[in-house]
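Subject: Handover of a structure for your review

Dear colleague,

Please find below the structure that I am handing over to you. My findings follow directly after it.

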Amino acid sequence: MTSTLQGTTPAARAPRARRGIASLPFLAPGTIFLIVFMAIPVGLLFFYTFFKRGRFGGLVFEFTLDNWIKLAEPLYLGVILQSIVLALIVTVLALLIGYPMAYAIAGLSPTWRTVALIAIVLPFWTNFLIRTYAWILLLNNAGWVNQWLQGLGLTDEPISMLYTPQAIVVGLLYMYLPLMVLPLYASLQQLDPSLREAATNLGASPWRAFRTVTLPLSLPGALTGCIFVFVPAMSNFVIPELIGGGKTIMVGNLVRDQFFEARDWPFGATLALVLTLLLVLVILVQSAVSRRLTEGPRRG
Amino acid sequence: MPTTRRIAAAAAGTIALAFAVTSCSSGGGGSETLDPAADLSEQTLTVSIWADYYPEDLAEQFEEATGVKTTIVNHTTNEDIVAKLTASSDPDIDVAFVSGQYAQALAEQGLLAKLDKSLIPNEENLYPEALELPYDEGNVYSEPYAWGTTGLCYRPDLTGYDPTSWNDLLTPKPELVGKTTMLSTDRWLAMPALKAAGNSLNTTDDAELDAAKAQLIETKPTLLAYDDTTFYTKLVSGEAAMVEAWDGWCNYGIADNPDITFVIPEEGADLWVDTMTVLESSKNKEAAMAFIDYILDPEVQSWVAENILYKVPNQAAMEALDPALIESYPTLGITVDELFEQEVIVDLGEDALKYVDLNAEVLATN
């Protein structure tokens with residue numbers, strides 16, 4: 001029996017209550033960590049949203065709903081919506097590029113697999129800012145890409161690529177593509193080859209075997225990859241600032257600017273909380289869908 | 001200010017955030033008398049200053065001269081250090097470098113100690129005008145470290161003409177669309193629009209600010225980018241033809257391309273001053289005063305002009321400056337009279353938030 005199927009057999013499920021108590025000591029460190037570094041800070045954020053700002057940051061302890069009212073302004077809603085759209089585009093592109101990559105890597109010999117995986121992870125060894133600045137060197141009007149395009153006679157005038165929303169998509173895609181490839185690879189590599197062989201033996205074409213066997217079984221990995229890409233892409237503020245030239249801003253920039261430029265902690269907290277809630281919602285949807293996919297439709 | 005590092009600020013600010021809940025500050029006025037005979041070697045000193053804005057061995061130099069054990073810490077922006085200073089009653093900083101308008105605000109909150117002039121004899125090296133700056137008349141709470149203005153830094157070979165007005169930036173010629181950058185921080189975002197309309201850069205009038213905001217939103221699509229930190233490199237690479245720039249920073253471009261030119265637009269600009277202040281909470285005030293006095297030594301303060309390429313308010317230091325340096329970097333030759341034709345940025349109290357909101361809205365508009 002394969003590992004993917006094992007988890008779904010009733011025998012593998014211990015009675016709920018007993019399992020709960022037994023795992024308590026194992027859960028404790030993580031739970032404490034989450035309470036101290038997640039629950040309490042988020043609680044503080046929530047608390048901040050109901051007060052007025054101090055002149056140099058901080059809070060004035062006067063109750064107000066202004067921060068939530070301000071959030072409804074088209075200006076801010078527009079930025080949130082724009083961030084969702086940009087992050088979605090990046091996620092879809094990452095999936096389209098990442099899936100074939102992961103599929104190909106999973107089919108390599110073990111040696112080449114290691115090489116390919118190292119190649120994918122390698123950029124992470126370089127500082128994030130340096131990699132971002134590299135894109136500036138590549139994309140600017142006097143940059144390498146334009147020099148090549150002009151040198152090859154493909155264009156006379158440099159094409160403006162940097163400081164555009166498209167450049168932000170490219171930057172985010174580059175940054176987070178490995179986060180799509182790795183979970184996809186993990187799920188594709190786990191697939192039992194005999195399942196595909198069975199499909200082929202029963203007369204399925206390679207495409208049909210892929211569509212009905214491999215693809216559905218790799219969907220949880222794809223969903224995980226989508227979350228890994230969407231969540232940080234949505235909240236990134238460095239790439240919009242450096243590669244987007246500060247002209248197209250995302251909700252991450254908005255949060256940062258509220259704290260550092262505007263020194264408006266309560267409104268910054270409101271924005272940060274909304275961003276967090278949005279991302280939690282996305283993750284909840286993902287895990288619900290993912291559970292359905294692995295466990296099949298609920299019985300009874 | 002000039003050393004705004006927005007990204008690094010993110011990290012530093014997280015720390016400030018941690019102090020949020022305990023936000024409170026004790027009042028003060030700085031009336032205690034200092035002991036001129038205090039043994040400085042018994043004191044320690046913590047100085048907070050912008051990164052890359054002082055000689056690397058400043059702490060050792062000062063320690064050698066006075067025996068004071070000195071630690072230098074960096075802040076990235078005025079907002080950053082002010083948040084740190086206002087967040088706790090004893091931030092463990094003795095001397096803080098802030099821009100003039102922030103020194104004014106901190107003094108009004110009672111956070112700064114009055115300077116003991118008997119311990120700062122080197123004040124006499126300053127230009128007389130440097131004692132009459134409106135954010136702190138008579139330098140009661142602050143001594144100036146460096147000063148300058150803001151204008152247009154441009155490549156004549158790329159612009160094809162010599163800009164003279166803020167409108168050259170706000171409504172660029174068609175061929176310069178996508179080839180200009182503006183500062184996006186603090187009071188410098190609104191300044192070109194306010195000055196172009198003939199208004200004060202310290203205005204608190206809502207109609208004037210709304211007009212400036214509308215202009216800036218109109219200008220936004222014509223910009224290559226907002227840039228507070230690398231605009232001069234964009235000039236050097238030719239990506240930009242004209243940028244809003246602090247005079248000292250334009251020099252960093254000139255260092256790579258001597259064709260780059262700086263002009264103060266005819267409508268006028270700001271006079272910004274970076275100052276040194278002593279915290280009221282400091283327990284080492286004698287050492288702090290000695291530190292400020294040490295900086296005001298022409299030999300020491302001239303380092304700023306020679307290495308950072310900012311003008312210093314120290315007459316003795318400026319007069320001793322190598323004329324060849326001024327020839328290479330003409331902004332160093334801007335006279336005190338020319339500087340004082342510009343408008344000094346002052347603190348606006350609660351109305352400062354109007355500028356904060358203006359910036360936030362302009363930057364968030366697509």
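In this predicted model, B:T229 lies in the loop that runs between strand 6 and helix 9 (231–237) of chain B. B:T229 has 17 C-beta neighbours inside 10 Å and therefore counts as partly exposed, since a residue is called buried at 20 or more such neighbours and exposed at 12 or fewer. Between B:T229 and B:V312 there are 83 residues along the chain, counted as their separation, and their C-alpha atoms are separated by 21 Å.

As background, most residues other than glycine have a negative phi. B:D52 is not a glycine, yet has a positive phi of about 60 degrees. B:D52 is placed in the loop between strand 1 (44–50) and helix 2 (58–66) of chain B. Likewise, B:D186 is not a glycine and has a positive phi, of about 50 degrees. The loop that holds B:D186 is the one between strand 5 (180–182) and helix 7 (191–196) of chain B. Are these two residues buried or exposed? B:D52 is exposed, because 11 other C-beta atoms lie within 10 Å, whereas B:D186 is buried, because 24 other C-beta atoms lie within 10 Å.

Turning to the overall layout of chain B, the chain is divided into domain 1 (30–147 + 271–344) and domain 2 (150–270 + 349–364). The centres of domain 1 and domain 2 of chain B, taken over C-alpha atoms, are separated by 28 Å. Where the domains meet, twelve residues of domain 1 of chain B are in contact with twelve residues of domain 2 of chain B. On the side of domain 1 of chain B that touches domain 2 of chain B, eight residues are nonpolar, two are polar and two are charged.

The contact between the chains takes 32 residues from chain A and 33 residues from chain B. On the side of chain B that touches chain A, at least two residues each are supplied by helix 1 (6–18), helix 3 (78–87), strand 6 (225–226) and helix 16 (352–364) of chain B. That side of chain B divides into 16 nonpolar, eleven polar and six charged residues.

Ten of its ten residues are buried, so helix 3 of chain B is largely enclosed by the rest of the structure. Among the buried residues of helix 3 of chain B are B:N78, B:D80, B:V82 and B:L85.

As to confidence, the predictor gives the complex an ipTM of 0.73 and a pTM of 0.80. Chain B averages a pLDDT of 89, and 91% of the residues score at least 70. Over residues 1–31 of chain B, however, pLDDT stays under 50, although the model has 68 contacts beyond four places in sequence for this stretch. Where pLDDT is low, the predicted coordinates should not be read in detail. Please bear this in mind for helix 1 (6–18) of chain B, which is one of the elements supplying residues to the side that touches chain A.

Chain A has 14 helices and two strands. Its C-alpha atoms fill a box of roughly 70 × 70 × 35 Å, taken along the principal axes. Of the 300 residues of chain A, 33% count as buried. Of the contacts in chain A with a separation of 6 or more, 68% are accounted for by residues 24 or more positions apart.

How do the strands of chain A run? Strand 1 (residues 51–53) and strand 2 of chain A run antiparallel and are joined by three bridges. In strand 2 of chain A, A:L59 is the bridge partner of A:R53. The hairpin of these strands of chain A has five residues between the strands, and there A:G57 takes a positive phi near 90 degrees. Of the five residues of strand 2 (residues 59–63) of chain A, the number buried is zero, so strand 2 lies largely in the open.

Lastly, A:L195 lies in helix 10 (residues 193–201) of chain A. A:L195 counts as partly exposed because of its 16 C-beta neighbours inside 10 Å. A:L195 and A:V213 are 18 residues apart in sequence, and C-alpha to C-alpha they are 7.3 Å apart in space.

With kind regards

Methods. Residues numbered from 1 in each chain as written. Chains lettered and ligands numbered in written order. Predicted model: local features only at pLDDT ≥ 70, side-chain atom pairs only at ≥ 80, totals over all residues. Contact = placed C-beta atoms within 7 Å. Helix = DSSP H or I, 4+ residues; strand = E, 2+ residues; numbered from the N terminus. Nonpolar A, V, L, I, M, F, W, Y, C, P; charged D, E, K, R; others polar. Domains from an automatic or database assignment. pLDDT = per-residue confidence, 0-100. Pairing = 2+ DSSP bridges.
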